[in-house]
Amino acid sequence: MGFGLLALVFGFFAFSPAPTYRMAKLKYNGGGDWYADRTALPNLIAFCNTNLKTNFYPEESIVEVGSKEIFNYPFIYMTGHGNVVFSDQEIKNLRQYLTGGGFLHIDDNYGLDKFIRPQMKKVFPELSFVELPANHVLYNQKYKFASGLPKIHEHDGKRPQGFALIYKGRVVCYYTFECDLGNGWEDFGTYPEDTQETRTKALKMGANLVQYALTQ
């Protein structure tokens, strides 16, 4: 799939009667709970279709790291709490996807950090995660976040951080840490402490990621 074509016709999809493309959750090996945040993506999809006028299928897809099907998705979401292991073939496939126009959002659901960083280093040995400043275009899409990544869930009293792998000037992988953005996309009431205001912030930030992925 040509992701540049998606960007060119982004506005047109608002008028298409049938869903045009899909959003996927990444299924990985190693034992971590890749399936976490079960209601997150369908809710983000609905929010984007309503507010960005995108035209995603209403349900999420599941795609494995090493599958050629990965190239059918302009936006892929990865989450979990535990171990992650990429095979050599998966490393090659994921790199090809990301350098070819794809976008991966990794959301640390608390406990993922020490596992995902070494694996992504295998995918991009020449790159390191860099924290994006609050004035980065990713925080200034349809929705403006003057302070950068919003805090959704509290764990260790640390500030939320948004890291990126930047390849040839484009963010190909965005990593949310100490934030739990995907938890904020889940059905309201999943986490009793969450307010509707917090959930809306999370969805707006997610919509910014999708808009960036489709237009860069």
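The legends below describe views of a predicted model of one protein chain.

**Figure 1. Fold of the protein chain.** The protein chain contains six helices and seven strands. Along the sequence, these elements follow the pattern α-β-α-β-β-α-β-α-β-β-β-α-α. The radius of gyration is 16 Å, close to the 17 Å given by the globule rule for 216 residues, so the protein chain is as compact as a globular protein of that length. The C-alpha trace spans about 40 × 40 × 30 Å along its principal axes.

Figure 2. Of the 216 residues in the protein chain, 55% are buried. Among contacts with a separation of 6 or more, 75% join residues 24 or more positions apart.

**Figure 3. Surface and charge of the protein chain.** The protein chain exposes about 9,400 Å², and 54% of this area comes from carbon and sulfur atoms. Positive side chains number 22 and negative side chains number 22. The centres of these two sets are 8 Å apart.

Figure 4. Lys53 is located in the loop between helix H2 (40–51) and strand S2 (61–64). Its relative accessibility is 47%, and Lys53 therefore counts as partly exposed, a class that lies between buried, under 20%, and exposed, over 50%. The side chain of Lys53 reaches the backbone oxygen of Thr50 at 3.0 Å.

**Figure 5. Lys53 and Phe124.** Along the chain, Lys53 and Phe124 are 71 residues apart. In the model, a distance of 33 Å separates the C-alpha atoms of Lys53 and Phe124.

Note on methods: Residues are numbered from 1 along each chain as its sequence is written. This is a predicted model: local features need pLDDT of at least 70, side-chain atom pairs count only at pLDDT 80 or more; totals for chains, interfaces and linings use all residues. Side-chain values use heavy atoms; hydrogens and water are left out. Helices (H or I, at least four residues) and strands (E, at least two) are DSSP runs, numbered from the N terminus. Buried means under 20% relative accessible area, exposed over 50%, partly exposed in between (1.4 Å probe, protein chains only). A polar contact is a pair of N or O atoms within 3.5 Å; within protein, one must be able to donate a hydrogen and the other to accept it, and residues adjacent in sequence count only if both atoms are side-chain atoms. The radius of gyration is taken over C-alpha atoms; the globule rule is 2.2 Å times the number of residues to the power 0.38. Contact means heavy atoms within 4.5 Å. Accessible areas come from the Shrake-Rupley method with a 1.4 Å probe; for residues, only the protein chains shown count as cover. Lys and Arg count as positive and Asp and Glu as negative; His and the chain ends are not counted. The place of a charge is taken as NZ of Lys, CZ of Arg, CG of Asp or CD of Glu.
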